[in-house]
Amino acid sequence: MNPARIHDEFPAPAYRGAQERALADVRDAFEAGNDVVLVRAPTGSGKSLIARAIMGCARTVDEADPHQATGAYYTTPQVSQLDDVADDDLLDDLKIIRGKNNYTCILPDEEGTPVDRAPCARERGYDCAVKHRCPYFSARAIASARSHAAMTLAYFMRTAGSEVFRKRDVCVIDEAHGLAEWAEMYATVELGPRTVPLWDDLRVPDVDGAEAAARFTDTLVSTCESRKDELLGADELDAEEAAERDRLQELISEASWFAEDYRDPDSATTWVVDQADDGTITAKPMNPARYLRHTVWDRANRFALLSATILDKESFCRAVGLDPADVALVDVEHTFPVENRPLYDVTRGKMTYEERDDTLPKVARTLARIMAAHPDEKGIVHCHSYAIQDALVDELAALGVSNRVRAHGSDTRDADLEAWKASPEPEAFLSVKMEEALDLEGELARWQLLCKAPFLNTNDSRVARRLEDGQWAWYFRSALRTVIQAAGRVVRAPDDHGATYVADDSILDVFERARTDMPPWFREQVDRMTTPDLPTLDADAATANVSAGAPTTSRDAGGHSTRNRGGNGVSGDERARDAGGGSADSSDSGGDARRSPMADVWDVD
């Protein structure tokens with residue numbers, strides 16, 4: 001790596017904000033001998049451009065000996081972040097590769113078939129005459145040959161040990177604050193009827209811990225190996241059999257990893273095992289340092305980890321298996337005027353499950369008043385869970401403001417989001433798990449409301465285990481991280497402006513308990529927080545600038561919220577769970593325990 005050329009590699013014609021100073025600090029940190037540099041850069045500071053400049057410092061082929069690693073990786077857990085990179089002309093030398101299921105086969109009669117279900121995946125020894133033109137394999141070949149390759153964190157981790165994507169000189173991880181949580185989720189092993197093709201043929205014991213789960217895993221792997229070999233021996237498979245074969249291969253790898261790591265006396269990972277009523281066994285790792293070593297830290301010589309919310313360096317490093325003494329931290333100054341990003345206290349009580357029935361109608365009335373205060377401006381409401389979203393739809397309809405409200409379903413979130421962004425109406429968008437990786441610059445949104453403190457789900461056994469160990473600072477820091485991420489959605493440039501309203505008393509508790517973990521620029525926002533003088537509740541004032549004939553929120557025959565154009569209703573099952581069962585208080589944990597907020601943004605091969 002040659003950090004000295006970091007400024008020459010900056011892709012934009014001019015610096016913005018604190019970018020020039022940030023690059024100098026990153027250069028100095030690498031030149032001081034650090035292999036890992038954390039770059040704590042506020043939302044809107046142009047992290048992608050900083051990332052590209054760092055990647056340009058990687059050793060080139062011309063500078064390397066045959067055995068030395070060259071080139072750079074860019075990876076991010078957020079699919080939307082990768083999409084932004086793909087759309088940025090300044091980053092056009094980053095070759096993007098996605099999972100196979102994002103590409104379709106080009107063979108006659110196979111148009112529309114995902115590559116992972118194409119004849120090459122179904123037939124043994126299939127010799128594809130057009131493989132050199134296959135959208136997936138050609139994109140993979142180009143990405144592996146280019147000096148700068150970009151991919152999601154899921155794809156990056158899956159290609160660990162690959163002969164195609166070998167070790168490189170530099171790796172940049174954007175939105176790295178959740179790296180430990182992403183690794184824990186990705187390394188989680190679920191064994192049940194939904195994930196194990198042969199489940200009905202197995203005798204599933206009652207497990208009382210990791211040891212019993214590991215013993216069952218041994219039997220499972222043996223059974224899956226036999227079935228996989230049977231499928232591999234077939235001359236041709238149909239699409240369903242090909243999917244079963246691929247799932248068995250994944251399952252064998254996942255289950256074997258769990259059993260091996262659990263029995264490894266040198267592994268620092270603690271495994272927490274749950275069993276559901278239907279027998280499903282879920283093995284969850286805590287602080288999977290060994291997993292990250294294999295999938296991330298062995299993949300490059302030098303790393304830059306970028307985020308606005310790496311709040312505590314020592315805690316972050318310990319969680320991802322790094323020695324804090326070997327890691328440098330670079331703080332990037334926030335150059336957006338604090339008066340352009342005000343926080344407003346409109347708290348109306350606590351939004352815990354026990355108190356929500358009393359608080360939520362007050363929050364809805366406050367939201368209607370906020371809408372009246374911004375009569376011709378769009379806003380986003382961070383509902384935290386589908387249960388809260390649906391209840392707000394009901395309350396706002398009763399208040400007579402439903403024609404200014406949009407909501408989304410779990411299966412239509414992207415389409416509904418884009419429709420709202422494209423709409424000329426000053427609508428309030430009721431969102432779930434959109435606190436991160438969402439750019440609402442300018443008129444896309446001038447205000448937002450945080451309905452609930454984004455605490456982690458205490459029904460999750462890993463969360464419960466940490467709280468039993470007294471890790472309350474971690475718990476409040478996790479909530480603060482999400483609040484800070486949310487606060488950055490509506491102010492994206494120095495001349496941009498947007499108001500953030502806080503409705504849950506518990507968010508104020510987060511500010512108090514995690515104050516020492518706040519970046520200085522966010523602490524300044526909190527210290528300036530005031531209580532606004534909102535207009536009185538007036539449905540006509542709140543909806544005065546909505547065009548006649550604009551879509552309204554209504555009810556379908558089943559009593560679920562819908563729109564009279566385009567339909568974005570929330571189903572009963574969706575109302576009963578949060579945004580995938582991942583990040584909610586202990587009473588929002590119903591539904592599919594395998595889903596999580598991350599399931600909505602991961603791009604998996």
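Guide: Welcome! In this predicted model, the largest nonpolar core has 67 residues, and Ile 97, Met 157, Leu 191, Trp 297 and Leu 305 touch the most other members. Helix α8 (residues 210–232) gives the most to this core, nine residues. Apart from it lies another core, of 35 residues, including Ala 18 and Leu 82.

Visitor: Which residues does Leu 191 touch, not counting residues up to four places away in sequence?

Guide: Leu 191 touches Val 196, Trp 199, Phe 216, Thr 217, Leu 220, Leu 251, Gly 279, Thr 280 and Ile 281.

Visitor: Why is Ser 431 called buried?

Guide: Buried means under 20% relative accessible area. Ser 431 has 0% relative accessibility, so Ser 431 counts as buried. Ser 431 is in strand β14 (residues 428–431). Leaving aside neighbours within four places in sequence, its contacts include Ile 380, Cys 383 and His 408.

Visitor: What makes α16 roughly perpendicular to α17?

Guide: The axes of helix α16 (residues 472–487) and helix α17 (residues 505–513) come within 9 Å and cross at roughly 110°. Angles of 65 to 115 degrees count as roughly perpendicular, and therefore α16 is roughly perpendicular to α17. The crossing of these helices, α16 and α17, is left-handed.

Visitor: Which residues meet where α16 and α17 come together?

Guide: Phe 476, Ala 479, Leu 480 and Val 483 in α16 meet Ile 507, Val 510, Phe 511 and Arg 513 in α17.

Visitor: How many residues of each class are in the contact of α16 with α17?

Guide: There are seven nonpolar, no polar and one charged residues. Arg counts as charged, so Arg 513 is the charged one.

Note on methods: Residues are numbered from 1 along each chain as its sequence is written. This is a predicted model: local features need pLDDT of at least 70, side-chain atom pairs count only at pLDDT 80 or more; totals for chains, interfaces and linings use all residues. Side-chain values use heavy atoms; hydrogens and water are left out. A nonpolar core is a set of buried Ala, Val, Leu, Ile, Met, Phe, Trp, Tyr and Cys residues joined through side-chain atoms within 4.5 Å. Buried means under 20% relative accessible area, exposed over 50%, partly exposed in between (1.4 Å probe, protein chains only). Helices (H or I, at least four residues) and strands (E, at least two) are DSSP runs, numbered from the N terminus. Contact means heavy atoms within 4.5 Å. Axes are lines fitted to C-alpha atoms, for helices over the stretch in contact, and angles run from 0 to 180 degrees between N-to-C directions. Angles under 35 degrees count as roughly parallel, over 145 as roughly antiparallel, 65 to 115 as roughly perpendicular and the rest as oblique. A crossing is left-handed if the near helix is turned anticlockwise from the far one by less than a right angle, and right-handed if clockwise.
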